[in-house]
Every structure is written in C-alpha cells, then in structure tokens.
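I list what I looked up, entry by entry.

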Amino acid sequence: MTDAAAAEPADDQGQTRDLSNARDMIVCEEVSKWYGDFRALDKISTTIKEQEVVVVLGPSGSGKSTWIRCINRLEIHQEGRIVVDDVELTNDLRNIEQVRSEVGMVFQQFNLFPHLKVIDNVSLAPIWVRKKPRAEAEEQAMAQLERVGIPEQAHKYPGQLSGGQQQRVAIARALAMEPKIMLFDEVTSALDPEMVKEVLDIMKTLALSGMTMMVVTHEMGFAKEVADRIIFMEEGQIVEQGTPTHFFENPTEDRTKLFLSQIL
Amino acid sequence: MSEFAGLGADLGMSTGMIPITAPPETPKLPPREWVKANLFSSPFNSVLTVVASIIILAITRGLMSFIFNPQRQWDATATNLRLLMTQAYPEEQYLRIWIATAVVFTLTGLSLAVWRAGSAVPLSDVGRRLLTFGGTIALLVLLAPFSVRATIIWLVVAVAVAGGGEALRRLVDDERTMSTLGILLIGLSGLVGSLWVIPYGNHTFQLHRTPRVLAEPGTVALTTKLPWTVMLLVAVAAYFLGIFIRERLPTNAPRITLLLLWLLMPPTLLYLVLRDPSFDMGHVLGTDIPIFLVYAVLGGALLNWLARPSTGEIGRIVAALVLVAAFAAFLTPMRMIVRLDMLVLAAFALAAPTFSGGPRARKNYVIGWLGFLGIMSWLVTAINTPSTVKVPGQFFIGGLSLTLIVAVFTIVISFPLGLALALARTSNMPIFRLLATWFIEFVRGVPMITILIFFSIMVPLFLPPGMHLGEVAAVIIGYSLFSAAYLAENVRGGLQSVTRGQHEAAEAVGMTTSQKTVFIVLPQALRISIPPLVGHCIGVFKETSLLAIIGLFDVLFIARSVMPNQTEFMGSTKENVLFVSLIYWIFCYQMSKASQRLERRTGLGER
C-alpha cells in the first residue's frame, strides 16, 4: 500500500483488512479542477486498492462529489492523472467508454430512466453496451433485482416505486454491468429516513462481497462500520485519512476535529 | 455473491405491496344543487352565468338562422360532394377510390382489434349522454327558424332521444356496460342506414344535359349508398378478423406487421391503386430492380459486417468513406436513385455501431435497411412513372384527397428529417450544429408560399435532364423541408427538458452518445413534445390550403372558387366554406383527441 494507508499500521485494529498486496484500482496523482476561478479540487493524490472500501467525508462544497464524478469522467479534471484499472482517463473516447463500463455509479437523485420498466432499466446497458442477447441480459437483470431484494417490482415503472426501492433499482442497474468498482454519490441523502437502512444494508453486503467501493456519504454509522479507510476533505483538499478507529477516536487535524464536533 | 440471496429475503418484507384502501366516495350532487354550487354560488357568478348564457344563445341562434335560411344554397354542396372529395377523378375509374378507402378501413378495423381500442362505459352513462343530446337538439330546434311543422317533428325526435336516454338511465342497473366501439358502430350504422331510408334527395350535375343540375327526390344515388355500406361492413369484418388474429397469435408480431402496413399504405395506394401507373417494364427490369438488388445485397452485407461488435474502429472509417462516396456521387453525373441510395447507406453505416450486437440485432438492422431501401426505390420509380388516370389539366386527383395525400406524406417525411435536425442542432459536433442552425433559421425566415413556389416552378428547372419530378411530389418535398424546420424546434424543446441526471446515468453505464440519444433522451423528449408535435401536425394539415396558390385544386380552393363559378350556384361561397371548415374541424379534432389519448397512454404529466 502506498502513502495513505501505510501511515496507519494495519494492525491498529482487528477489523481492518490487509490490502497491501492488492492491485491498485484507482490511482489519483495531483488531480486538480477549477470551476472558473473557484478551485474545486486541489492536488488530490491517493490510491485505492482492489476490494478496498473508501468513504469520503467532508462538509458540503468540499469537492467530494466533484472528485468521485471525475473518476468516471462525468467531470473533467484539468491537471494531474487519474488511472482506473490501468486505463488512464484522457480525452480519448475509447478510454472513457472502457472505464465507464467497468465503473458503476449510483446517484443521489437515483436517475432511473422513467420511460422504461424496472427490468429494462437494468438490462438496457448489458444488451447494448455489453452486447448480450436479450434473454440472457434479462435473466441476469432479474438476478440483480433479487440481489437487491425487489424482483417483484421488475415490471413496474420507476415512478411507481418508493425512493428506497428506486435507489435499489439504481444499484442493480449499476451491478448489472458487472463493474469492478462502484461509486456511490450521497445515495441516501434524498431518501426519507425510514428508507435509508434498506439501501445501506445492500451497500454493506456489497462491501462484504469484495467490491471495490468509493462512497461519498453523511452516514457516520455506515462509515464506522464498513469503511477500510476514511478520507476527510475540505476546500478541495484531502485533509486527513485513516482507518475509522483512527478517524473517529483519534483525529490529528484540527479541521477534522471541528467537523466531527459539529456532526457527532 | 451468494450472500445476497439471504439479503433479498430479509428486505422482501419492506417491499410488499402497500394495501390499497378505497378513498371515500364523493357523493354526486343532485342537479339542482350542482347548478347552485357551480353556476349561482354568488351574486356576481349568477350575473356572469346569465350574461354568458344569453351570449351563447344569441350566437347559436345566429348560426342556426344562417344555416337554415331558405336563401342558402346547400344544394351546391350536395351536388358537388364528389368534386370536393376527388375533383375531376374520372367516373369510370371510381372503383379505385373505393378500393383505396376499403384498404384504409380494413387496416383501421384490424388495428382497433389488435390494440384493444375502446373501453367499457356504464349504460347509465350512455343514458345520461342521450338525455343531454336530446335536450341540446330541442334547444337548437327552438332557436332555429323552422316552420311550425318542422319544429314539431324535430321536437318529437328530441323528446324521443331524451326519453330513451332517461329510460336507459333509470331502468338499467349500474353494473351493465357497453363498449365505446359498440356505440361508434351504432352511430355509423345509423348514418349509413339513413342513406337508404331518409330522402336526402339525389343531386346530380352533368355538363352536357339541361338542366345541368338536377335534384331528384328520394334517397341518394346507389353509387353513394352501396359503397359506403360495403365500407362499413369491411371495417366490421376486419375488426372481427383482428380479434381472431389477436386471440391466436402473440401480441407483438401482428402489431409490428400492422405498423409496417400503415407505413406502406400511402405510397402503395397513391402510386399503384389511385394513379394506375403505366410502367415501362423494360426500364424497371433493366435498371430499377438491378440497382435495388445491388444495394440490397452489397449494402446488407456491409451493414451486417459494420453491426458486428468486433468490427470496431475500422468500421467507423469505412462508414465515413461511404459518406464521402455519397457526396462524390452528387458531384458526378449518374442516376438520382444511385446517389440517394448511397446517401441513405452512408447514414445506416454511420449508425451501425449504435445498434451493433448479436446475430438477431444484426438481422433486424439489415431488415430495417432493406425496408427503407425498398420504400425509397418504390417512391422514386413510382414518381417517375406516368399515370394512366387522366384528368384535364392538373394533377390526377384533387379536393380532400389531395389535401390528405399532401398532409400525410409531409408529416411522415418531415418527422425523421425534423428529428435529425433537432439532434444536429443540439449535438456537440460544431459542423452539424452550424448546418442545422443555418437551415432552420433560413427556412423559418421565409414564408411558406415562397418555398411552395420555389419547389413547384424553379426546382424542375434545376433537375438534371431526363429527371422528372411531378408537381405534387416537388411540393411535398418542399413542404416537408419547411415542416421539418419547425418540427425540429419543437423536438429541441423536448430534448432540453431531459435532465442532466438522465444524461449522466446513461453515460455512467457506458453508453455511447448515440445509444444515449436513441434509448434514453429521444423517448423522453418525444413524450414531452407530444402536444406541440400534434399541434404542428394540425398546422401542416390546415396549411395545405395554400396549395391553391400554386394552382393545385385542394378542397378549400374548390369550395371557394370552382363551385361558385357554376352559374346555377352563383354566390354559394359561404355555404361551401362553412362545409369545408366542418371537414377540417372533424380531422383536426380527431388529431387533437388522438394526442390526448397518446399523452394518457405514455403517462405524460404523471411522473
């Protein structure tokens, strides 16, 4: 493991897995981005290993979402390098398409396709991007819907589902592409409180299954329980990173302490 | 992965159907209270109600006095119905018109059955409608300047209708329902049956006879009532055939076949049935069919290769080269059909990677190409084949038929053109964006009449020698380009209303830009654009009346200037224009209703 996790001894606590021999899945080197004069990302550098679950915390406007959206090129970074699964993100469309088909993303606002039934939402990309025969793609889509616990909703439209169910369909849609990495961008922020748990439970199970995950969230409980590493961002910079135990019980930076005192 | 199986079961309980409890029924107000609540709820509202009622009654009375004024020459309309519908289409060829109508009715009947059109209405509702209808008749009769005898007869009819409705409402229990199609059938049967029973009079006009205009008492001529009866029977038979098909075949195959038949119907009827083409078989067999076959075989093979997922970047380069070849073809002298085929092949080749996939996807794509190629080859051949149906002077048909032909072809052709323009204008490629913007802004800045004149008079001058384009075909092309520019702007509005999140979601699962456009953005944009698009279609239909300016005999032109020129009917313009506006209104209102049904079906406004 490189800079980040190496600073924290892995034997600091029992729950931390030893990923030092794992492959690098996402490598960011001095990634910077501006919106006009506003610097949204300021020299972000870190490496995320295969099977690692990274939770990104920080106050709003700190650049968390911008960063995670740079990983699959929904936003374009202006300086630095981002390498995802050995493919560097450049303006070359082929690289972008390759990365996107291997990186699944779930959004805050679900962004399901409202004109398609749930099953078609899930099977559309496997059919046309992965070029699978329709029957096979639909069978796999049903398997993904069972995985997120809503196979009985397959033939409804997204508008007929609750927020939590919609978000689970969105997760199934991303999983149907059999991605190597999953990105979660504040996926529970738009949900009613009683629906948050059903979505978080699925994400926990996904993490246990060995998926490489990058999660932007405000759910501290989830971060404590599931994360291998927590990254705290402010003003476009990585302020502090480490294991959940280190981060919540023993933070070193003043800004981290201030943030924790405000939310806990 | 297996650990997910248990999770699904755990979460299953929170996803069960929410039990639906019926909302409390809002009681229906008895008539008197309804009137009080809705019309006389305050002194001011009462005044408004009274004033508005007086105005409505005055207008209706004016209209009734105009229609039933003894000075009105409704004979002019009745005598010249055939002229209004088909202009001078020869009498001995009229069977062609009826065959064409029968084809349309057959497809309609089949479609109604296959798409399960119509819904069940409670008989008590039908009774209520009849009651209202009878009341309306009575009111209109009292407002109309009828003789005492006519007033009494009509009042009896009105009371009978209303009484029947009231009886239906009271005597039949609420559970009994009736299909809307059944009601439609009863109405149409009544209309057609009345042709056999009611003495509308037999109005004829013959040039070489004195008197030229003759109104014989009795029912209408056999040449009118017999075909219409047959048409009704054809539609009913087709409906039952459709039910037979629906019950025995899977859902999708008949629907797709019917859609294709609807698409093929206009060019087939127009150029095979109505015009009766005199084909130069030597040319057809020696030139047209070989060209078609070469493009079908070579183009099909090329597209099959391009739609293979493994073809990759080389395929895109080859597709671009086909486009270059198509442009080159327009710079070198050769047959128009060869150039057009090349251009369409280039478009299909460029779009191939979007629809690439397994053998089945490739087969569908090649079939799509063959279909498009077939229709286009047929149209070009048919346009260049002279008609054996001869009428003095103009295009072989006129009147309402011409209006419908131009409107249908223009709408069908301008739709894909408008979509392409809208997509080009919103695309990221600067060249396409620039071209589309210039085209749209240019066309929108020019009056439609100039475009019609340009295409009917000037374009034939620019055509290469030997290439012949009928006047109506030229006008349809011009009108389609004009309509496409406006349609593009309507679609663009829909495209812009698709949220950023939808684009991102499609991109995040790895779709290419064209896949995102075809599967995600366009369906949503079109659904949002239904109201303006239907409004546009209504506009296209009505503006066909401008065809008169370039000397084509559309239905309004005949009503406005041809019929009043018959010395017997001097000054009958008002009646004819009123009649023609009724025809326009019926068509436009049906389009409007269809739009509302389409909106409901696609769930517009719900999500």
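Which side chain does A:Arg23 meet in a salt bridge? I find A:Glu50 as the partner, at 3.6 Å from N to O. I count a salt bridge where a side-chain nitrogen of Lys or Arg is within 4 Å of a carboxyl oxygen of Asp or Glu.

Before going on, I note that this is a predicted model, in which local features need pLDDT of at least 70, side-chain atom pairs count only at pLDDT 80 or more, and totals for chains, interfaces and linings use all residues. Residues are numbered from 1 along each chain as its sequence is written, chains are lettered from A and ligands numbered from 1 in the order in which they are written, and side-chain values use heavy atoms, with hydrogens and water left out.

Entry on the first pair. Helices (H or I, at least four residues) and strands (E, at least two) are DSSP runs, numbered from the N terminus. A:Arg23 is partly exposed at 36% relative accessible area, and A:Glu50 is partly exposed at 32%. My classes are buried under 20%, exposed over 50% and partly exposed in between (1.4 Å probe, protein chains only).

Entry on a second pair in chain A. A:Arg69 and A:Glu75 form a salt bridge at 3.0 Å, N to O. Both A:Arg69 and A:Glu75 are buried.

Entry on chain B. I found B:Arg169 in a salt bridge with B:Glu166, with the closest N and O atoms 3.3 Å apart. The two residues sit three apart in helix H8 (residues 148-171) of chain B, which means a separation of about one helical turn. B:Arg169 is partly exposed at 30%, whereas B:Glu166 is buried at 19%.

Entry on networks and totals. Salt bridges with shared partners join A:Arg23, A:Glu50, A:Asp85, A:Asp86, A:Glu102 and A:Lys180 into one network. Over all chains, the search of the whole structure gives 35 salt bridges.

Entry on a surface patch. Which helix of chain B gives the most to the positive patch? I find helix H24 (residues 573-601), with four residues. The patch is formed by B:Arg129, B:Lys593, B:Arg597, B:Arg600 and B:Arg601. Patch residues have over 30% relative accessible area and no salt bridge, with like charges joined within 9 Å. B:Arg601 is in helix H24 and is exposed at 61%.

Definitions and conventions:
Patches are made of residues with over 30% relative accessible area and no salt bridge: like charges are joined within 9 Å, nonpolar side chains (Val, Leu, Ile, Met, Phe, Trp, Tyr) within 5 Å. Accessible areas come from the Shrake-Rupley method with a 1.4 Å probe; for residues, only the protein chains shown count as cover. Lys and Arg count as positive and Asp and Glu as negative; His and the chain ends are not counted. The place of a charge is taken as NZ of Lys, CZ of Arg, CG of Asp or CD of Glu.
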